[in-house]
Amino acid sequence: MQAQARAQPNIALIKYWGKRDLARNLPATGSISLTLADLFTEMRVIADDALREDVLLVNGDESRTMLARVSACIDQVAGDRRPAVRVESHSNFPIAAGLASSAAAFAALVVAADAAFETRKTPHQLANLAGRASGSAARSLLGGFVELRNRPDEVEVATLLPAVDWPLQVVVAITAPGPKPVSSGDAMEISRKTSPFYDRWVEQQSADLGEARAAIETRDLRRLGAVAEHNCLKMHSVMWASRPPLTYWNSATVACMQTVRDLQAGGTEVFFTIDAGPQLKAVCSAAAAPAVRDALAATAGVGDVMVSGLGGGAGTLAT
Ligand code: 2P0
């Protein structure tokens, strides 16, 4: 019993920041994201009766930090009376640095576990199981422009537009590759409990979701960029006003924002978004991508730049 699956990270344009149900890890609001094509995580799940307990290897090294979450996620798919497994995870991008690595990892994991144990879950069930492990992971089950909607006691994910219908590019500027100081889950709870802006953030989310949906439907990059930047800066304002403050940016993150502003002033159709980490993601047309990549690579403090198109959702690989 073994299977392998691949999933891509997704970049939220209308963000998930805050939970309505901690035990079930249900988000406070809906969100909209882009699934990437060229960054990926591959997960192999191998059931092995000889093992006494689950083993997790991340890029070849045994990892205990994520093991409990990974084991709990496989239990959700296959039940806790399953045999122990060896899980091998490989990513082609920095993990735990605000690049949605947990989204790709848990989306790939539920698909691989479902295939390995032949549990035949529906895509909707798999999205909810991935979302229990990591809220944003539910979105990586699907490709292109994806909306996550809140439903009573669960979430629902839907593709708003497939990648081929609006093949934008995402340029990721890496300003610091290390792991983040506070996990997203902990930071969301700090924000919910202490930020004076949190309730307003939640209140305004459905208006931002509606605006982004309309912009995607009409493939209007300027309109999408305006609401996505606004939503991103509101999320970071919630964080900055938390106690203790949550400041994921560094000086290069701010320099990258200025680079995007300069490109916009010069007529390039591009916008930025920033997640729970110091990396900046610029979203633009395929034609603008080389100029955006060069401008971000030349920005002070940027270490590496990655470019990705938009891709499909999670799926199994031949073992
Ligand atoms: C998002 N982020 O919508 C937002 C924007 C980060 C900033 O979802 O606690 O790893 O595991 O459910 O999914 C990152 O948080 O959080 C995230 P948990 P997750 O992409």
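Begin by selecting Val-87 and, setting aside neighbours within four places in sequence, you will find Val-87 in contact with Met-43, Arg-44, Val-45, Val-55, Leu-56, Leu-57, Val-70, Ile-74 and Leu-109, where contact means heavy atoms within 4.5 Å. The model on your screen is predicted, so local features need pLDDT of at least 70 and side-chain atom pairs count only at pLDDT 80 or more, while totals for chains, interfaces and linings use all residues. Residues are numbered from 1 along each chain as its sequence is written, and side-chain values use heavy atoms, with hydrogens and water left out.

Next, select Val-45, Ile-74, Val-87, Leu-109, Val-110 and Leu-141, which touch the most other members of the largest nonpolar core, a set of 40 residues. Such a core consists of buried Ala, Val, Leu, Ile, Met, Phe, Trp, Tyr and Cys residues joined through side-chain atoms within 4.5 Å, and buried means under 20% relative accessible area with a 1.4 Å probe, protein chains only. Helix α2 (residues 101–116) gives the largest share of this core, 10 residues.

Now colour domain 1 (2–162) and domain 2 (165–309), whose bounds come from an automatic or database domain assignment. In domain 1, 32 residues are in contact with 50 residues of domain 2, and the centres of the two domains, taken over C-alpha atoms, are separated by 22 Å.

Finally, which residue forms a salt bridge with Arg-213? Select Glu-147, whose salt bridge with Arg-213 has its closest N and O atoms 2.8 Å apart; the term requires a side-chain nitrogen of Lys or Arg within 4 Å of a carboxyl oxygen of Asp or Glu.

How values were computed. Buried means under 20% relative accessible area, exposed over 50%, partly exposed in between (1.4 Å probe, protein chains only). Helices (H or I, at least four residues) and strands (E, at least two) are DSSP runs, numbered from the N terminus.
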